[in-house]
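This report describes one chain, part by part. Have the sequence and the structure in view while reading.

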Amino acid sequence: MALLTTGKGFVRALEKSCTLGVYAPLEGGYEGRYQRRLRTNGYESLSLSARGLGDVGAYLMGIHGVRPPHLGKKDIAQSAAVGPIYFVPPIAAYQLESLSSSSKGLVLWIIEGYILSKAELEYLVALPQQEPRLKVVVEMGGERYFRWQPLEELIQAA
């Protein structure tokens, strides 16, 4: 177990393939180290959980509607019985707009990525081609040591 790693190989692999699938030890701690390596190399990172993303494309890059839980209370005759719709700005696009000029780009670090479908993973692979300043890291499961692989190769192998 290497306690001091430079992370240069990880950063180079991310810059080359733009999307990585990551397997990390379950006790944790490694993700933060590699996110810190990304920040020291000029990237800003945004951590998200794959649970509750819904439509990944709309959540990351498009304005989307959200209905909060109604908690058993219903409006009478003013709006729908399921409650009002609140429109939320796209998470990744909003972060990209507010990047500093000295930043290399934005890294989306998505935990619990093993619950994403193949179509959603394919969208994440295609996302950096649409927006070149965006890189994606998806945690795909646990492993005894920290390892990564291009996400496109992981999708083809599955």
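## Two loop residues

L26 sits in the loop between β1 and α2; helices (H or I, at least four residues) and strands (E, at least two) are DSSP runs, numbered from the N terminus. When neighbours within four places in sequence are left aside, L26 is in contact with G142 and E143, where contact means heavy atoms within 4.5 Å. The C-alpha atoms of L26 and F146 are separated by 9.8 Å, and these residues are 120 residues apart along the chain.

E131 belongs to the loop between α5 and β6. With a relative accessibility of 18%, E131 counts as buried. Its contacts, again leaving aside neighbours within four places in sequence, are M61 and L96.

## Basis of the model

The model is predicted: local features need pLDDT of at least 70 and side-chain atom pairs count only at pLDDT 80 or more, while totals for chains, interfaces and linings use all residues. Residues are numbered from 1 along each chain as its sequence is written, and side-chain values use heavy atoms, with hydrogens and water left out.

## The sheet

An open sheet is formed by 5 strands in the order β2-β5-β6-β1-β7, with mixed pairing; two strands pair if DSSP finds at least two bridges between them. At the edges are β2 (43-49) and β7 (147-150), each of which pairs on one side only. On average, neighbouring strands of this sheet are turned by 25° against each other, direction ignored.

β2 and β5 are parallel and pair over 7 bridges, and S45 stands opposite V107 in β5. β5 also runs parallel to β6, joined to it by 5 bridges; here I110 has V138 in β6 as its bridge partner. Of the 7 residues of β5, 6 are buried, and the strand is mostly covered. Strand β1 (residues 19-24) pairs with β7 in the antiparallel sense over 4 bridges.

Helix α5 (residues 118-130) lies across β1, β5 and β6, and runs at about 150° to β6.

## The α1 and α2 pair

Two packed helices are described by the angle between their axes and the distance between the axes. For α1 and helix α2 (residues 30-40), the angle is about 70° and the axes are 10 Å apart. The two helices α1 and α2 are therefore roughly perpendicular to each other; angles of 65 to 115 degrees count as roughly perpendicular, under 35 as roughly parallel, over 145 as roughly antiparallel and the rest as oblique.

The contact is made by F10, V11 and L14 of α1 together with Y34, R37 and L38 of α2. By class, the residues of this contact divide into 5 nonpolar, no polar and 1 charged. Ala, Val, Leu, Ile, Met, Phe, Trp, Tyr, Cys and Pro count as nonpolar, Asp, Glu, Lys and Arg as charged, and the others, Gly among them, as polar.

How values were computed: Axes are lines fitted to C-alpha atoms, for helices over the stretch in contact, and angles run from 0 to 180 degrees between N-to-C directions. Buried means under 20% relative accessible area, exposed over 50%, partly exposed in between (1.4 Å probe, protein chains only).
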